[in-house]
Amino acid sequence: MSHRHLSRLFTQHIDVTFTQYVRSEKINKAAILLATTDLPIKIVAQQVGFDTVHYFSSVFKKVMDIPPGEFRSRLQAD
């Protein structure tokens, strides 16, 4: 099965692209790490597979509508 065909089938069944799915899973894992650990954001970014903290922060904000540092701060304030 070709990569293209597999990607098309994935999108038909899950209703998001494979790339969007993987990105969402990474951000969900990052949110858990931010909520449950004191790891620096840079380390969280690395652990979920982002090369730079800047790119991680921009993707996190795009998906979660809040930067990772603010996400953690709000959780700690509650």
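Predicted model: local features only at pLDDT ≥ 70, side-chain atom pairs only at ≥ 80, totals over all residues.
**Notes on the helix packing and the core**

1. Residues are numbered from 1 along each chain as its sequence is written, and side-chain values use heavy atoms, with hydrogens and water left out.

2. Now the geometry of that pair. The axes of α2 and α5 are 9 Å apart, and the helices pack at an angle of about 45 degrees (axes are lines fitted to C-alpha atoms, for helices over the stretch in contact, and angles run from 0 to 180 degrees between N-to-C directions). That makes α2 oblique to α5; under 35 degrees would count as roughly parallel, over 145 as roughly antiparallel and 65 to 115 as roughly perpendicular, with the rest oblique. On the α2 side, A31, L33, L34 and A35 meet P68, F71, R72 and L75 of α5 (contact means heavy atoms within 4.5 Å).

3. Which residues of α5 are buried? In this helix, residues 68-77, they are P68, F71 and R72 (buried is under 20% relative accessible area, exposed over 50%, partly exposed in between, with a 1.4 Å probe and protein chains only). They line one face of the helix, because seen down the axis of α5 they fall within an arc of 95 degrees, taken from the directions from the helix axis to the C-beta atoms. Their cover includes α2 (18-36), α3 (41-47) and α4 (53-64). Helices here are DSSP runs (H or I, at least four residues), numbered from the N terminus.

4. On to the largest nonpolar core: among its 14 residues, F50, F56 and F60 touch the most other members. Such a core is a set of buried Ala, Val, Leu, Ile, Met, Phe, Trp, Tyr and Cys residues joined through side-chain atoms within 4.5 Å. Two or more residues each come from α2, α3 and α4, and α2 gives the largest share, five residues. Neighbours within four places in sequence aside, F50 contacts K26, I27, A45, Y55, F56 and V59.

5. Two loop residues deserve a look. D15, in the loop between α1 (3-14) and α2, has a positive phi near 70 degrees. D65, in the loop between α4 and α5, has a positive phi near 65 degrees. Most residues other than glycine have a negative phi. D15 counts as exposed at 67% relative accessibility, and D65 counts as exposed at 67%.
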